[in-house]
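Let us walk through this model step by step. Keep the sequence and the 3D view side by side.

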Amino acid sequence: MKKSYEQSRSVWMQTAEVPLESTLSEKISADVCIVGAGIAGMTTAYFMAREGKSVVVLDDGPIGGGMTQRTTAHLVNALDDRYFKLERLHGEEGARLAAESHTAAINAIEAIVEQEAIKCEFERLDGYLFVPPRDSKHVLDEELAAVHRAGLIDIEKVERVPWDSYDTGPALRFPRQGQFHPLKYLAGLAKAIKDQGGRIYTETHATEIEGGKQARIETKGGGVVNAESVVVATNTPVNDLIAIHTKQAPYQTYVIGARIPKGSVTRALYWDTPDPYHYIRIETIGRGAAAYDVLIVGGEDHKTGQQDDGNKRFAALERWTRHRFPMVENIEYRWSGEVMEPVDGLAFIGRNPLDAKNVFIATGDSGNGMTHGTIAGILLTDLIMGRKNSWEAIYDPSRITLRALPEFAKENLNVAIQYTDLVVAGDVESVEEIKPGSGAVISRGLSKIAVYRDPAGVVHELSAVCKHLGCIVNWNSLENTWDCPCHGSRYDAMGKVIQGPANRDLEKEQTADTKQHSAGSSKG
Ligand SMILES: Cc1cc2nc3c(=O)[nH]c(=O)nc-3n(C[C@H](O)[C@H](O)[C@H](O)COP(=O)(O)OP(=O)(O)OC[C@H]3O[C@@H](n4cnc5c(N)ncnc54)[C@H](O)[C@@H]3O)c2cc1C
Ligand code: FES
């Protein structure tokens, strides 16, 4: 089973192994250093290696150990943000380029799977967008007209999605979407990268990332990489303090996997239109007569670190699913993950704003990170190789989309409100109230302490101040993590950083005993 700092396990983590690599402890050089071995980093490494460049990939966990192991892996040009909205924000040409790039990404994945003979269950299938019962169906007509203007002319309106058990009413059918097993795909990419001479190091945390004439990446174990270019593909950039993090917002999203008889729900991708929306696909487990399907249903998103009710959200997903699919036998999987929502609907892929020219980032995936990560591989390779790419402007991380200002203001006001946690009381009054295996923030004088009582009852105290920009973290009892409500940094129960933008662990809080001890020893 794959290692994870969070408690929940996705279906992928329980059905695939990704090879472990060695940890970097020496000084090495490469043409390109890529920090982050998720889909964005691994795809970029693959394309750069194919250009004949020497490539080094660093990851502080295993390959795919970030959000790529928690995805649901719909491969789509039916984007999370409606095309009529993208048109308003980025113009008709911008929406057309978005459609073109996501279509190209699905094609690229298909070509890689074929060329590298990757057994990752890749398949083409239809996708259906439908509207909840009492909502206006007008949105479908508006979207249909916009997708046609964006060049996706084979999308059509149908009477209902192909479910026997529930009539959704009219829907849009998006042909030639895709799905795969994300970890089996990354295992295949890892092999292809290494076959072309690429080097991959895991359990290797990049502590400092500097661009310039030669980029320099320092790692926790003392290893150093000098490179012509560096790509920071850490899902949310750990080398950017502010520029990007005011333009995207972190959301926690939830998924259940329900066991159903094989073939009882038509194999396709499905999405509805509310915000947050539901996303659905089918994964077959096992072979022959023992095979069965898992209906994967996601949704119930909320801003990271601002709610702690994961089990309620799973229950809501289960109710929604059972109502529409009475053939559900039991819920076999439950997991959660984080997505970065850009304020203007498109990812940020390109040169890191306010940085040296050889530092690149890929972030702001929204729920389309499989294709955005693949677009990153294609686009960043062109930028590093000095080639023109018509998608450069729409994904430029320095862009300011004036029409997205209301969304920008809304998300940043929400962040500003989180700073009031610095002065309000903690979650509980005393450490004694915290049960084994759980955590809470307490106030001690002017300080906020993140207290975790491990299952054996031992208390671990950390400063609750996030190492990014100083918000107070909150306990996530589903995943046993400390989550920052401002820009989505996450730490494990012991304070180890597992998700940026923070790139350092929470500080250990000195207990009364250790304070007394260190005061005593400094006198001595
Ligand atoms: C529940 C869920 C469902 C989703 N469904 C879909 C879907 O159906 N379709 C779709 O397209 N997208 C979906 N997404 C989004 C998609 O999964 C993500 O956007 C995508 O996996 C992000 O890939 P990444 O390579 O950018 O980041 P990650 O996969 O998170 O990889 C980043 C890597 O960087 C490493 N790292 C971080 N900091 C450092 C450091 N300092 N040093 C070294 N390494 C570091 C991490 O360990 C991690 O492995 C979903 C996401 C979630 C959570
Ligand atoms: S993530 Fe920005 S302050 Fe915590």
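A polar contact is a pair of N or O atoms within 3.5 Å; within protein, one atom must be able to donate a hydrogen and the other to accept it, and residues adjacent in sequence count only if both atoms are side-chain atoms. The model is predicted: local features need pLDDT of at least 70, side-chain atom pairs count only at pLDDT 80 or more, and totals for chains, interfaces and linings use all residues. Residues are numbered from 1 along each chain as its sequence is written, chains are lettered from A and ligands numbered from 1 in the order in which they are written, and side-chain values use heavy atoms, with hydrogens and water left out.

Start with the ligand. Ligand 1 is surrounded by 38 residues, counted when one of their heavy atoms lies within 4 Å of the molecule. The closest are Asp-59, Met-67, Thr-68, Asp-365 and Met-370. Several contacts use the protein backbone. Ala-40 places a backbone N or O atom 3.0 Å from an oxygen atom of ligand 1. A polar backbone atom of Met-67 is 2.8 Å from an oxygen atom of the ligand. Ala-206 has a backbone N or O atom 2.9 Å from a nitrogen atom of ligand 1.

Next come the pockets and cavities. Both are found on a 1 Å grid over the protein atoms alone. A cavity is a set of points where a 1.4 Å probe fits but cannot get out. A pocket is an open set with protein on both sides within 12 Å along at least five of seven lines. Lining residues have an atom within 4 Å of a point. Grid points are joined across faces, edges and corners, and a volume is the space filled by probe spheres set on the points.

The largest pocket holds about 600 Å³ of space. Its lining has 24 residues, and the closest to the centre are Asp-80, Asp-81, Lys-85, Asp-275 and Glu-341. By class, the lining has 12 charged, 9 nonpolar and 3 polar residues. Here Ala, Val, Leu, Ile, Met, Phe, Trp, Tyr, Cys and Pro count as nonpolar, Asp, Glu, Lys and Arg as charged, and the others, Gly among them, as polar. At least two lining residues come from each of α2 (83-115), β11 (248-260), β15 (330-342) and α8 (405-418). Such helices (H or I, at least four residues) and strands (E, at least two) are DSSP runs, numbered from the N terminus. The largest share, 3 residues, comes from α8.

Asp-275 also takes part in a backbone feature. A cis peptide bond joins Asp-275 to Pro-276, with omega about 0 degrees. Pro-276 is in the loop between β12 (269-272) and β13 (279-285).

The second largest pocket has about 330 Å³ of space. Of its 15 lining residues, Thr-207, Glu-208, Val-238, Asn-239 and Asn-503 are the closest to the centre. This lining divides into 6 charged, 5 nonpolar and 4 polar residues.

How many cavities of 30 Å³ or more are there? The count comes to 4.

Now turn to two sheets. Strands of a sheet pair through backbone hydrogen bonds, either parallel or antiparallel. Two strands count as paired if DSSP finds at least two bridges between them.

One open sheet has 3 strands in the order β18-β19-β20, with antiparallel pairing. Its edge strands are β18 (438-444) and β20, each pairing on one side only. β18 and β19 are joined by 7 bridges, and Ala-440 stands opposite Val-451 in β19. β19 (447-453) and β20 (459-463) share 5 bridges. Tyr-452 has His-460 in β20 as its bridge partner. These two strands form a hairpin with 5 residues between them, and Gly-457 in the turn has a positive phi of about 95 degrees.

Another open sheet has 4 strands in the order β21-β22-β23-β24, again antiparallel. β21 (474-476) and β24 (497-499) stand at the edges with a single partner strand each, so one side of each is left without a neighbour in the sheet. Inside, 3 bridges join β22 (481-483) to β23 (490-492). Trp-482 has Tyr-491 in β23 as its bridge partner.

The peptide bond from Gly-500 to Pro-501 is cis, with omega near 10 degrees. Pro-501 lies in the loop between β24 and α9 (512-523).
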